[in-house]
Amino acid sequence: MRALDAVIFDVDGTLVDSERDGHRVAFNLAFAEAGLPDRWDVDLYGDLLAIAGGAKRLTYWFERTNTPHAAELAQRLHRRKTEFLRELIAQGRIEARPGVADLLDKLESAGVALHVATTGTRAWVEPLLARTFGNRFSTIITGDDVAELKPHPEAYLEVLRRSGEAVDRVVAIEDSANGVRAAIAAGLTCVAVRNRYTRLDDVTGATLVADSFTEGALQNWFRERLG
């Protein structure tokens, strides 16, 4: 008997490796267009990912660099950054992580429902999911749908509320410390599939930790639960 009814996926860094070559690039394009000297290189952006949510990340950065009107500027640039990101998505610049499509196929074939819980905004999340994965996900909760971002569990709790899934038959897949904390706080079993930016994250509490979706241990773990 199948021991799994649904899987809830994070998006950034989990389904897609979008932070380095997607968001970071879009932020830098927004900085340049606004005539600002700020640029986030690969390593610096990795450090900034400790702050969940792009607008909050910008606000933190502008406050740290003593930029006037930090919060207002952050909101304005975040809107423009989202437009740049949508352009990158439309160009096919952001792809699924290796092994993700295969896992989605296996889950769907077994009748497992697929959902999304992300802190990203709907303006770019939906186009990305549609272009990269098609119409696979039954419930999509974004940062626009909740008051609190990860590591708060609200996004996961909202997926559970809308979908009606039983928490003990659902698995969350995350890539970061904040995401794992959010999933566990919602009462979910969590699998961590880390990436370049999150490979050193403290994912204590995750039931399984892998560095890719192609690892045998991860594939076997899901195979056992699909029956």
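Modeller: Let's begin with a definition: axes are lines fitted to C-alpha atoms, and angles run from 0 to 180 degrees between N-to-C directions. Keep in mind that this is a predicted model.

Biologist: Thanks! How do I read the packing of two helices?

Modeller: Two packed helices are described by the angle between their axes and the distance between the axes. Take helix H3 (residues 54-64) and helix H4 (residues 70-90): their axes come within 8 Å and cross at roughly 140 degrees. That angle makes H3 oblique to H4, because only angles over 145 degrees count as roughly antiparallel. The crossing of H3 and H4 is right-handed.

Biologist: Which residues in H3 and H4 meet?

Modeller: From H3 come Gly54, Ala55, Leu58, Thr59, Phe62 and Glu63, and they meet Ala70, Ala71, Leu73, Ala74, Gln75, Leu77 and His78 in H4. Sorted by class, the residues of this contact are eight nonpolar, four polar and one charged.

Biologist: At what angle do H1 and H3 pack?

Modeller: H1 and H3 pack at about 55 degrees, and their axes are 13 Å apart. That makes H1 oblique to H3, and the crossing of H1 and H3 is right-handed. Glu19, Phe27 and Phe31 of H1 make the contact with Gly54, Arg57, Leu58 and Phe62 of H3. The contact of H1 with H3 has four nonpolar, one polar and two charged residues.

Biologist: What about a loop residue? Where does Thr119 lie?

Modeller: Look in the loop between strand E2 (113-117) and H6 for Thr119. At 22% relative accessibility, Thr119 counts as partly exposed, because buried means under 20%. Leaving out residues up to four places away in sequence, Thr119 touches Gly53, Gly143, Leu149 and Lys150. Gly99 is 20 residues from Thr119 along the chain, and their C-alpha atoms are separated by 23 Å.

Technical notes:
Residues are numbered from 1 along each chain as its sequence is written. This is a predicted model: local features need pLDDT of at least 70, side-chain atom pairs count only at pLDDT 80 or more; totals for chains, interfaces and linings use all residues. Side-chain values use heavy atoms; hydrogens and water are left out. Helices (H or I, at least four residues) and strands (E, at least two) are DSSP runs, numbered from the N terminus. Angles under 35 degrees count as roughly parallel, over 145 as roughly antiparallel, 65 to 115 as roughly perpendicular and the rest as oblique. A crossing is left-handed if the near helix is turned anticlockwise from the far one by less than a right angle, and right-handed if clockwise. Contact means heavy atoms within 4.5 Å. Ala, Val, Leu, Ile, Met, Phe, Trp, Tyr, Cys and Pro count as nonpolar, Asp, Glu, Lys and Arg as charged, and the others, Gly among them, as polar. Buried means under 20% relative accessible area, exposed over 50%, partly exposed in between (1.4 Å probe, protein chains only).
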